Amino acid sequence: TRRIVHIEKALALIGAGSLKERLPPLGSDEIGRLGADVNAMADKLTELEQLKKTFVTSVTHELRSPLGVIEGYVSQLLMRSTGLSAEDRAALDRILRNTRRLGHFVTNLLDLAKIERGKLDFTPLRADPSELVENTVRFFAPKAQESRMTLISEIEPGLPLVHFDPDLIAHVLTNLISNALKFTRPGGRITVSLKSSGKNLELSVADTGVGIKSEDLPRIFAPFQRVANPLKATGVGLGLAISREIAAMHKGELGVTSEAGKGSRFCLTLPLDA
């Protein structure tokens, strides 16, 4: 049964997304032919996966330019102080919001495609993580106030400069705070913490929001995965997948602890001595 065990393991890996898995020749009998069929299936799945990536990249590139033009023209129309009725201005505002939302989705798709091809711009340098956290929290302060939420930062004093890509880590932090605002009710609290923990830098975003059910936790970092929530908040399901990949590029990790109805805590750890 050794050959059957090999086939079973290969199928489990392929089912988990490891499309590079292939079986060695297993003979010319029925089991050998079964192994060859498994390899042929993996080849076809690899081909389809590549076609999907090429299609997504092509479509998103084609969408980016017209969306930018639409956003630009609508913004110019909204800047006019006269000539627009309240109804027209409200309609244009809806167009602008949805255009920006679609543009954000396209940008995330392109970023994910770049990560998969290993072509996402990655420029680590010695930078101040405390400054990055302070600036990002300050940026979201008006949004938190508008949503009647408390947004605070807790930063350990005297943290050293750390080797990381400021733009990419800011992207992760922005995504985590945006999610916290989205899934927390008015009157809630969001805490952004930065501290050293052993040989790592620990950056976390904790909220008092709706939380995540335990059965949903294993899949929230997968692309396009969205879970039901009491606030009916929506998204495309790419932000956390991209954020985890960015953490891996820095030889770090992005994890979560959460309980339904009691909030969530997302934690990014980065090596201090990278």
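Predicted model: local features only at pLDDT ≥ 70, side-chain atom pairs only at ≥ 80, totals over all residues.
Close-up 1. Two packed helices are described by the angle between their axes and the distance between the axes. For H5 (residues 166–182) and H6 (residues 239–249), the angle is about 145 degrees. Their axes lie 9 Å apart.

**Close-up 2. Residues of H5 and H6 meet where the two helices pack.** From H5 come Leu-168, Ile-169, His-171, Val-172, Asn-175, Leu-176 and Asn-179. From H6 come Gly-239, Leu-240, Ile-242, Ser-243, Ile-246 and Met-249. Which classes of residue make up the contact of H5 with H6? Eight are nonpolar and five are polar. No charged residues take part.

**Close-up 3. Helix H1 covers residues 2–15.** H1 has 14 residues. From its first C-alpha to its last, H1 reaches 20 Å. That is close to the 20 Å expected at 1.5 Å a residue. Just after H1 comes Gly-17. This glycine takes a positive phi of about 105 degrees.

**Close-up 4. H1 has a buried side and a face turned away from it.** Which residues of H1 are buried? They are Ile-7, Ala-10 and Ile-14. Seen down the axis of H1, these buried residues fall within an arc of 65 degrees, so they line one face of the helix. An α-helix has 3.6 residues a turn, so residues three or four places apart point the same way. Helix H2 (30–79) is included in what covers the buried residues of H1. The face turned away from the buried side carries the exposed residues Arg-2, Glu-8, Lys-9, Ala-12 and Gly-15.

**Close-up 5. Thr-191 sits in strand S4.** The strand spans residues 189–197. Is Thr-191 buried or exposed? Thr-191 has a relative accessible area of 14%, so it counts as buried, the cut-off being under 20%. Leaving aside neighbours within four places in sequence, Thr-191 is in contact with Ile-152, Glu-154, Ser-204, Val-205 and Ala-206.

Overview. From the N terminus on, the elements run α-α-α-β-α-β-β-α-β-β-α-β-β. The C-alpha trace spans about 80 × 50 × 40 Å along its principal axes. The chain has 274 residues, and buried residues make up 36% of them. Of the contacts with a separation of 6 or more, 68% are between residues 24 or more positions apart.

Definitions and conventions: Residues numbered from 1 in each chain as written. Heavy atoms only, no water. Axes fitted to C-alpha atoms, helices over the stretch in contact; angles between N-to-C directions. Helix = DSSP H or I, 4+ residues; strand = E, 2+ residues; numbered from the N terminus. Contact = heavy atoms within 4.5 Å. Nonpolar A, V, L, I, M, F, W, Y, C, P; charged D, E, K, R; others polar. Expected span 1.5 Å × (residues − 1). Buried < 20%, exposed > 50% of the residue type's maximum accessible area, 1.4 Å probe, protein only. Arc of directions from axis to C-beta.
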